Amino acid sequence: MPSHSVIPSPQEESVFELLGKLGKKRVYPKNSIVLNEGDPSSFLYVIHTGRLKVFLSDEQGREIVINIMGPGEYFGEMSLIDNEARSASVMTVEDSQLTLVSRSDFSDCLAENPELAFPLMLGLIKRLRNATKKIGSLALMDVYGRVASTLLQLASEQDNQLVIEKKLTHQELANIVGASREMVSKIMHDLTEGGYVSVDSRKRIILNEKL
């Protein structure tokens with residue numbers, strides 16, 4: 001079965017490596033807000049360790065998670081490119097170490113390495129495609145379908161199995177699919193009972209081929 005995860009290309013890895021050498025490293029404790037939707041754009045962030053969620057929220061505190069990111073990824077480049085305010089909020093879900101790259105360092109890096117423009121553009125396109133899929137699933141799929149689709153998107157192929165390495169709570173999954181934690185817990189129980197998913201000793205989620 002093919003992998004449903006987004007595997008970074010060599011060009012994307014070179015973007016991470018170059019940007020990760022710029023700026024200053026900073027540690028953010030778990031549940032720290034890194035940036036808020038509407039904030040002015042000052043930095044690009046490179047993730048060295050930990051996990052973070054990108055989300056939107058309303059005045060009632062309800063939120064929907066757009067993406068969960070981990071080591072080897074980066075975010076914030078869109079606002080540095082178009083000079084607009086942040087389009088979403090980002091919070092750590094684990095203690096995380098990030099490099100903060102200023103606008104001037106980012107611009108200088110692009111000027112000195114113009115070949116990075118293409119992989120940066122590809123990264124933005126992938127995010128747009130993922131956002132389009134998410135909008136479609138929220139509009140057209142029921143909760144069972146959205147949970148299954150999200151699990152497949154988060155999984156990567158390892159030893160002929162689809163595995164979700166990242167720790168994923170039912171509340172985090174609920175925020176991603178736009179449903180209640182209780183509903184997601186029930187669906188995960190049903191998927192487990194039906195043999196569609198399992199959890200190994202390392203707390204990884206294993207997906208059955210029939211999911």
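Which strands does α6 lie across, and at about what angle does α6 run to β5? In this predicted model, α6 lies across β4 and β5, and its direction makes an angle of about 110° with β5.

**View 1. Helix α5 against helix α6.** The axes of α5 (residues 143-154) and α6 (residues 170-177) come within 10 Å and cross at roughly 110°. Angles of 65 to 115 degrees count as roughly perpendicular, and α5 and α6 are therefore roughly perpendicular to each other. On the α5 side, the contact is made by Arg146, Val147, Thr150 and Leu151. Leu173, Ile176 and Val177 make the contact on the α6 side. By class, the residues of this contact are five nonpolar, one polar and one charged.

**View 2. The four-stranded sheet.** Strands in the order β2-β7-β4-β5 form an open sheet with antiparallel pairing. At the edges stand β2 (33-35) and β5 (63-69), each with a single partner strand, so one side of each has no neighbour in the sheet. From one strand to the next, the twist averages 30°.

**View 3. Strand β7 and its partners.** β7 (residues 89-92) runs antiparallel to β4 (residues 52-57), and four bridges join the two strands. Across this pairing, phenylalanine 55 of the chain is opposite serine 89 in β7, and lysine 53 is opposite methionine 91 in β7. The pairing of β2 with β7 is also antiparallel, over two bridges. Here isoleucine 33 has methionine 91 of β7 as its bridge partner.

**View 4. Side chains of strand β7.** In a regular strand, side chains alternate between the two faces of the sheet. From β7, Ser89 and Met91 point one way, while Val90 and Thr92 point the other way. All of these β7 residues are buried.

**View 5. The largest nonpolar core.** This core has 23 residues, and those with the most contacts inside it are Val147, Leu151, Leu173, Met188 and Leu207. At least two residues of the core come from each of β5, α5, β10 (161-164), α6, α7 (181-193) and β12 (205-207). Leaving aside residues up to four places away in sequence, valine 147 touches Leu173, Val177, Val184, Ile187, Met188 and Leu191.

Terms used:
Residues numbered from 1 in each chain as written. Predicted model: local features only at pLDDT ≥ 70, side-chain atom pairs only at ≥ 80, totals over all residues. Heavy atoms only, no water. Axes fitted to C-alpha atoms, helices over the stretch in contact; angles between N-to-C directions. Parallel < 35°, antiparallel > 145°, perpendicular 65-115°, else oblique. Contact = heavy atoms within 4.5 Å. Nonpolar A, V, L, I, M, F, W, Y, C, P; charged D, E, K, R; others polar. Pairing = 2+ DSSP bridges. Core = buried A, V, L, I, M, F, W, Y, C linked by side-chain atoms within 4.5 Å. Buried < 20%, exposed > 50% of the residue type's maximum accessible area, 1.4 Å probe, protein only.
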